[in-house]
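Here is a short briefing on the pockets of a protein model. Look over the sequence and the structure before reading on.

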Amino acid sequence: MERPLTQHIPDSGATLHIREYEAVGGYTALKKVLREMEPAQVTTLVKDSKLKGRGGAGFDTGMKWSFVPMNMPGPKYLIANADEMEPGTFKDRWLLEGNPHQLLEGMIIAAYAIQATDAFVFLRWAYKDAAREMRRAIADAYTAGYLGKNILGSSFSLEMQLHTGVGRYMCGEETALLNSLEGKRATPRAKPPFPQVSGLFGKPTIVNNVETLSWISHIVNKGEAWFKSLSYTADGGTKIYGVSGRVNKPGAWELPMGITMRELLEEHAGGMRNGYRFRGALPGGASTDFLTEVHLDVKMDFAGVTAAGSRLGTGTMVVLDDHTCPVGFVHNLEHFFAQESCGFCTPCREGLPWAEKILWSLENGTGVPADLDLLEMHTQMLGPGNTFCALAPGAMEPLQSALKYFREDFEQHIKEKKCPYAHHQH
């Protein structure tokens with residue numbers, strides 16, 4: 001089984017530095033692109049590979065690049081979204097700390113494809129180790145001639161810098177990230193105009209996830225047919241999947257796209273810990289709908305998880321066991337989302353704290369039957385199309401699915417005027 005993204009990351013937790021990266025074929029794709037390919041050919045190659053964005057939305061990467069107007073004078077920007085703050089998600093951190101040059105090479109090739117003049121790595125504030133490694137990697141890439149003026153003697157030039165965020169989930173949203181990078185409040189922007197045409201400082205901008213950009217050099221080196229062959233399904237490539245919760249071996253693994261939830265849980269995460277039973281899981285981080293035991297044979301690709309009524313999201317599964325209260329579980333998430341709302345639009349700013357307070361009262365024994373109707377109302381009113389960005393609709397996914405699959409738990413809290421799990425949880 002091939003693991004292109006992670007095969008060279010040392011098991012010790014050490015970082016692959018520039019000489020080691022070059023020794024395993026690093027920067028050969030960049031040399032090939034600058035020597036043999038036109039920018040449009042790179043975009044076409046990525047489009048033909050059907051590489052989908054690994055940041056959660058699954059948008060076609062080459063298609064996104066193709067929207068950049070190539071005839072506009074002035075600067076263009078390429079940004080790696082490394083603001084990994086989705087609860088339960090820790091896949092990009094592995095790539096950032098373990099193989100930073102793989103990301104840089106992908107970024108430089110992507111920048112060449114759209115003829116960007118400047119590139120930024122927008123990094124989560126808390127990722128101190130990743131920040132240290134990225135700084136060193138960028139400096140080493142400049143020294144080696146992979147960044148700066150006339151890269152490797154070509155006519156292509158690119159400046160790159162690291163930007164560390166200030167610890168806000170909202171900055172992971174593409175347009176809020178751009179506002180934050182401009183030094184403004186991190187609120188979403190209205191679309192259109194789309195960032196591909198008018199993004200950072202009003203110039204054409206591409207924002208891609210770390211895992212997405214880490215693929216580019218491999219696709220250039222080995223081609224789109226190879227990329228598609230790595231997967232079990234129509235969505236090509238491998239995917240970094242993760243599992244957290246009361247399993248025997250929580251962690252992250254690079255596996256063929258489209259493995260089943262059951263395989264991920266039992267073969268890689270080692271099954272449930274002794275004395276705990278699987279009740280459900282959020283398949284792709286906090287802002288995805290619960291799937292339950294009946295879904296364990298669902299293929300974890302974009303189409304499969306969507307058909308089952310959830311989203312692949314980041315591919316990092318958060319497991320709910322039979323000793324953990326689903327109401328408390330969801331309350332914890334809604335507290336996070338309420339806290340992280342940027343406050344730009346009313347449904348999200350007012351609705352999330354309201355939903356969080358209702359869940360708190362259920363957990364603390366003061367819930368009433370009408371509360372369940374109020375929660376249902378929120379899942380409608382904060383759903384897609386009612387807010388400026390996807391934060392609130394995402395926050396409603398675990399809530400609406402918990403109400404669907406674990407309703408008897410909600411009702412028990414009201415009937416017994418307390419959380420029935422209280423004795424398990426401490």
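A pocket here is an open set of points on a 1 Å grid where a 1.4 Å probe fits, with protein on both sides within 12 Å along at least five of seven lines. The model is predicted. The largest pocket holds about 1300 Å³ of space.

**Largest pocket**

- Its lining is made up of 49 residues.
- Gly 55, Gly 56, Ala 57, Gly 172 and Glu 173 lie nearest the centre of this pocket.
- At least two lining residues come from each of α4 (61-66), α5 (91-98), β4 (205-209) and α16 (391-405).
- α16 gives the largest share, with 4 residues.
- By class, the lining has 20 polar, 15 nonpolar and 14 charged residues.

**Second largest pocket**

- The second largest pocket is lined by 18 residues.
- Thr 324, Cys 325, Gly 328, Phe 329 and Asn 332 are the ones nearest its centre.
- Two elements, β9 (316-321) and α13 (326-340), each give two or more residues to this lining.
- The largest share, 4 residues, is from α13.

How values were computed
Residues numbered from 1 in each chain as written. Predicted model: local features only at pLDDT ≥ 70, side-chain atom pairs only at ≥ 80, totals over all residues. Heavy atoms only, no water. 1 Å grid on protein atoms, 1.4 Å probe; cavity = no way out; pocket = protein on both sides within 12 Å on 5 of 7 lines; lining within 4 Å. Points joined across faces, edges and corners; volume = space filled by probe spheres on them. Nonpolar A, V, L, I, M, F, W, Y, C, P; charged D, E, K, R; others polar.
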